[in-house]
Amino acid sequence: MPFDPSDEIRYDRTRLRQWARGHARSAGVDRRDLLRLFAAGTAAGSLGLGAAGTASAATDATTADDGAASPGIVKPLPPELFTIRGTNAETNFAALRGTGPLTPVDRFFVRNHTSTPRIEAGGWQLKVWGDGLAGGPVEFSYDRLRALPAVERTLFIECAGNGRSFYATQQGQPVSGTAWTLGGIGVGHWRGARLSDVLRLAGVTRGAVDILPRGLDDEVVTNGVNLGRVRRPMPVSKALDDVLLAYEMNGRPLPPDHGGPVRLVVPEWTGISSVKWVGDIEVSGRALYSPWNTDTYQLFGPGYPAEGAPFTRQTLKSAFELELGATVPVHRTRLLTGRSWSGAAPVLRVEVSTDGGVRWQRARLHDAPRRGSWVRWSLPWTPRATGATALLARATDATGRTQPATAAHNTQGYLFDAVVRHPVTVV
Ligand SMILES: Nc1nc2c(c(=O)[nH]1)N[C@H]1C(S)=C(S)[C@@H](COP(=O)(O)O)O[C@H]1N2
Ligand SMILES: [Mo]
């Protein structure tokens with residue numbers, strides 16, 4: 001069924017206007033600090049990447065750039081599986097070749113604003129509070145959460161900045177933030193309680209408008225401004241619809257790097273919504289704001305209104321399970337493999353070009369198209385001439401949308417959706 005984004009867009013636009021006019025609380029962060037930060041980022045485009053055309057800086061716009069050599073991630077990060085980018089670890093897409101529809105935990109990307117905290121399930125509690133509840137705060141222990149009816153879903157979590165580096169390398173446009181290629185996504189099988197059950201048990205009222213889940217990881221300091229703990233508001237309508245409080249990933253207790261003991265998993269929405277290490281959730285009768293829905297995770301730039309354009313869903317992308325710049329032997333048939341996904345609807349068709357975009361062939365799909373997940377695909381290829389070329393893959397989803405040749409630029413490099421030219425050399 002085609003997706004109508006107008007409600008989500010209207011929601012976020014209203015929130016942003018109210019915030020910009022100063023009607024809103026900024027939940028502990030001084031509004032002038034945010035405006036200062038925001039102005040610096042959009043005017044100079046200098047929070048992360050430097051000059052146009054470079055895509056080497058490794059910190060995100062909201063990540064403290066402490067120059068640390070090793071990110072605060074618990075699991076091993078062997079270079080075959082991951083590329084380290086500041087406090088984050090990007091999945092090498094080539095390492096997914098031969099794996100199933102789920103991303104194994106040992107190669108699932110990690111996006112940390114600071115570092116992974118170690119939190120024991122036994123001592124963990126979720127506090128639900130705020131004026132959108134009928135009564136006072138309600139606390140849920142890990143055991144109480146696990147005793148609620150469990151649901152299981154296969155869903156991707158993808159960073160809004162996934163593919164960001166191609167704004168610079170493919171379109172020559174400067175952007176700030178972590179220079180992901182396409183490995184800022186993973187598909188997990190999540191098991192957890194419904195957030196709607198927890199909110200109902202906590203006494204959510206009809207007057208509730210927004211919820212604000214907050215992580216237990218360290219406060220985020222950027223350019224000398226303390227933004228507080230990671231938190232991004234969400235409308236109650238989404239929270240009551242399909243959001244999970246997940247405590248298992250791929251059949252095992254949720255690992256520390258992915259938010260253990262408990263995280264949110266918000267289907268199809270941008271990765272920042274899926275707050276890890278969730279410790280409390282405010283339920284409010286008023287609009288809520290945080291730096292993560294006002295100055296970052298908004299679209300700014302020439303094509304957008306001055307106050308920014310909101311987004312909630314992830315876009316459409318395709319990636320080959322092959323190193324960028326791979327060398328392949330001439331006259332030898334190989335099976336090209338990859339994956340495509342969309343935040344709007346299941347992916348129905350994938351086409352591949354092995355000659356830089358002149359001719360296109362339908363790839364074979366290996367998974368049934370499903371919302372919130374990806375499809376694996378393949379196409380045999382026998383290179384006939386030596387030299388440099390580009391492999392391209394483009395997906396079409398059930399809304400009828402096909403990946404375009406160029407992505408619409410925004411200064412923070414979110415939602416890259418263009419067909420990526422994957423360089424290879426035939427020898
Ligand atoms: N508490 C907390 N939640 C968080 C983050 C964070 O730094 N702290 N990063 C967010 C971002 S930007 C993304 S893309 C996803 C990444 O999830 P993963 O590390 O499990 O892949 O977690 C989100 N939830
Ligand atoms: Mo992200």
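**Close-up views of a predicted model**

View 1. An N or O atom in the side chain of D217 lies 2.7 Å from a nitrogen atom of the ligand. K276 brings a polar side-chain atom to 2.6 Å from an oxygen atom of ligand 1. On its own, ligand 1 has 540 Å² of accessible area, and the protein covers 100% of it (Shrake-Rupley method, 1.4 Å probe).

**View 2**

**View 3. The four-stranded sheet.** Follow the order β17-β19-β23-β22 through this open, antiparallel sheet; strands are DSSP runs of E with at least two residues, numbered from the N terminus, and two of them pair if DSSP finds at least two bridges between them. β17 (317–320) and β22 (364–365) are the edges, each with a single partner strand, so one side of each has no neighbour in the sheet. Four bridges link β17 to β19 (residues 334–341) in the antiparallel sense, and A319 stands opposite R339 in β19.

**View 4. The five-stranded sheet.** This open sheet has mixed pairing and runs in the order β4-β3-β14-β7-β10. β4 (138–141) and β10 (234–235) are its edge strands, each pairing on one side only. Strand β7 (residues 210–215) runs antiparallel to β14, with six bridges between them; one to look for is P213, whose bridge partner in β14 is I281.

**View 5. Two loops with backbone features.** Most residues other than glycine have a negative phi, and most peptide bonds are trans. G260 and P261 are joined by a cis peptide bond, with omega about 10 degrees, and P261 is in the loop between β12 (252–253) and β13 (263–265). E268, not a glycine, has a positive phi of about 70 degrees; this residue is in the loop between β13 and β14 (278–284).

**Notes.** Residues are numbered from 1 along each chain as its sequence is written, while chains are lettered from A and ligands numbered from 1 in the order in which they are written. In this predicted model local features need pLDDT of at least 70, side-chain atom pairs count only at pLDDT 80 or more, and totals for chains, interfaces and linings use all residues; side-chain values use heavy atoms, leaving out hydrogens and water.

Technical notes: Polar contact = N/O pair within 3.5 Å; in protein donor to acceptor, adjacent residues only side chain to side chain.
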